[in-house]
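Here is a walk through one protein model, written for someone who wants to look around it with a viewer open. Have the sequence and the structure side by side as you read.

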Amino acid sequence: MKISIHRSSTGGRRSAAVVALSAVLALTATACGDDGSGAAGDKGEEGSGKGEIVFWDNNGGVRTDIWKEIIADFEKANPDIKVEYVGVAATEYQSKVDTSLQGGGLPDVGGAGAAMLAGFAAQNALEPLDDRLGKSSLNGKLNEDMVKSLKSAGGDDDKLYSIPTSANNGVLYYRTDLFEKAGLDEPSTWDKFYEAAEKLTNKGKNEFGYTIRGGAGSIAQALDAMYGQSGITSFWDSSGEKTTVNDPKNVEALEKYVGLYKKVTPAADLNNDFTKMVSQFDSGTIGMLNHNLGSYQDHVKAFGVEKFRGIPQPIGPGGKRVQVSNPVDGLGLFKSSKNKEAAWKFIEFATSHAENSKFNQSAGQVPANTDAAKDAWVSEAEPTKLAADALSDGSTTIVQLPYYLPDWNNLSKADNEPAFQKVMNGDTSAKDFLDTFAKQLNEAQAEWNEQKG
């Protein structure tokens, strides 16, 4: 299979390390579509609505079992369609899609969440789905806010490139048994959070108050901690041209947050992605974990429902909760598909009431299908219910991250995760890190405004 080097759609600022990674992760033909030739810009075909389609799961391993169950349901209901499942780890998904956008071999259907959507759409990789949705039984059955979020993330408020499956939310998980034993209050404020992190740490016994995310996905979690503490409620200043990322209040907040590393957290946190971080928390010797609704079932398996809780992010000093937006996840139909009719049938089925409910109950997330969101399990899963309440009762302000920037996913991951590790290690100051990040963001925003203008 041909390997091509990918340049980002806004000027090729992607680092050499990412280019190399894209090449290493190039897909073999066996993981490609029917003829292995689909690439960005290919028009594809409607097809017969029968035969085989290829589905790429953007959170392979974590969601493999539930997707295989949904696929089995789909194939039973549609015996003339077979779905080839390809599970791709969340940390590798963009690199694999990017490689195939240039070299060919795109799937028929794939995960297309808000964080990556702009980059895919900018390269003409995805089929607009508005007309299909308008004629579908799904029409009017999808959460309007999630649909709007994906339209915005795709860079065109008039086009929908992904059908939403679920929404996530930041959660602070904490061990209720350890807090009770230590005589600590629930970590509902940032002051109580820091107090608990210190009091629950006993390095001699390998006990730590917190686990901090230093590996893949670290930037989003750091931003959540920064804006949560600073109380700043917008990602851009009033001009819409300069980011607030490096505001002095955010710099101070990041300094305090990163100061937790190795003081009240394990040293291994430097390289931990979410799977390692969750596993570490579930081992039983850590008091608190910031993640999202997606790991709720893992904690239930580890502790039951009696020894932990999942609550919304801590309240800041102003008495208000501020948190950054979590990307809506969804399913996209790749334009190069040679069997779009069958691929759309799969998307419709996967986001129907029963299947969307089944998926989100397994994932512990908020369903996109409005009928599924009314199912009993949603109110029975406490973190999901508390998150939904916090987002609707006026207690929480959401800082909307710029998912619409084609460069956002690279900037918030590959381009800055290694730099964040240097901050954790003390090799770079929080101010220098945030100033560099802000410069990159401002440039990306200027390019975006110029293209739109």
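What follows goes from the sheet to a helix, then to aromatic rings and a few asparagines.

A quick word on ground rules: this is a predicted model, where local features need pLDDT of at least 70, side-chain atom pairs count only at pLDDT 80 or more, and totals for chains, interfaces and linings use all residues. Residues are numbered from 1 along each chain as its sequence is written, and side-chain values use heavy atoms, with hydrogens and water left out.

**The sheet**

Helices (H or I, at least four residues) and strands (E, at least two) are DSSP runs, numbered from the N terminus. Six strands make an open sheet with mixed pairing, in the order β2-β1-β3-β10-β4-β11. Because β2 (81–87) and β11 each have a single partner strand, they stand at the edges, and one side of each is left without a neighbour in the sheet. Strands pair here if DSSP finds at least two bridges between them. β4 and β11 run antiparallel and are joined by 2 bridges; S166 has P367 in β11 as its bridge partner.

**Helix α6**

Now turn to α6 (residues 144–153), whose buried residues are M146, V147, L150 and A153. Buried means under 20% relative accessible area, exposed means over 50%, and partly exposed is in between (1.4 Å probe, protein chains only). Looking down the axis of α6, those buried residues fall within an arc of 130°, so they line one face of the helix. That arc is taken from the directions from the helix axis to the C-beta atoms. As a reminder, an α-helix has 3.6 residues a turn, so residues three or four places apart point the same way.

What do the buried residues of α6 pack against? They pack against α4 (114–122), β4 (163–167), β10 (329–333) and β11, with contact meaning heavy atoms within 4.5 Å. On the face turned away from the buried side, α6 carries the exposed residues E144, D145 and K148. At the start of α6, a side-chain oxygen of N143 comes to within 2.9 Å of the backbone nitrogen of D145. After α6 comes G155, with a positive phi near 90°.

**Aromatic rings**

The whole structure holds 25 aromatic pairs. Rings of Phe, Tyr and Trp (its six-membered ring) pair if their centres lie within 6.5 Å; planes under 30 degrees apart count as stacked, over 60 as edge-to-face and the rest as tilted. Here are two of the pairs.

| Pair | Centre distance | Plane angle | Class |
|---|---|---|---|
| W190 and F193 | 5.2 Å | 75° | edge-to-face |
| F235 and W408 | 5.9 Å | 85° | edge-to-face |

F235 is in the loop between α9 (218–230) and α10 (248–258) while W408 is in helix α17 (residues 408–412), so this pair ties together parts that are 173 residues apart in sequence. F235 is buried at 2% relative accessibility, and W408 is buried at 4%.

W190 is buried with a relative accessible area of 6%, and F193 is buried at 0%.

Elsewhere, ring pairs link F55, W67, F74, Y85, F346, F349 and F359 into a cluster. There's also a charge over a ring: the charged end of K256 sits over Y194, 4.4 Å from the ring centre. That label needs NZ of Lys or CZ of Arg within 6 Å of the ring centre and within 35 degrees of the ring normal.

**Asparagines in loops**

N168 lies in the loop between β4 and β5 (170–174) and is buried, at 16% relative accessible area. A polar atom of the N168 side chain lies 3.0 Å from the backbone nitrogen of L293, and a polar contact of 2.9 Å joins the side chains of N168 and Q365. Polar contacts are pairs of N or O atoms within 3.5 Å; within protein, one must be able to donate a hydrogen and the other to accept it, and residues adjacent in sequence count only if both atoms are side-chain atoms.

N369 is in the loop between β11 (366–367) and α15 (376–380), buried at 3%. Its side chain has a polar atom 2.9 Å from the backbone nitrogen of D371.
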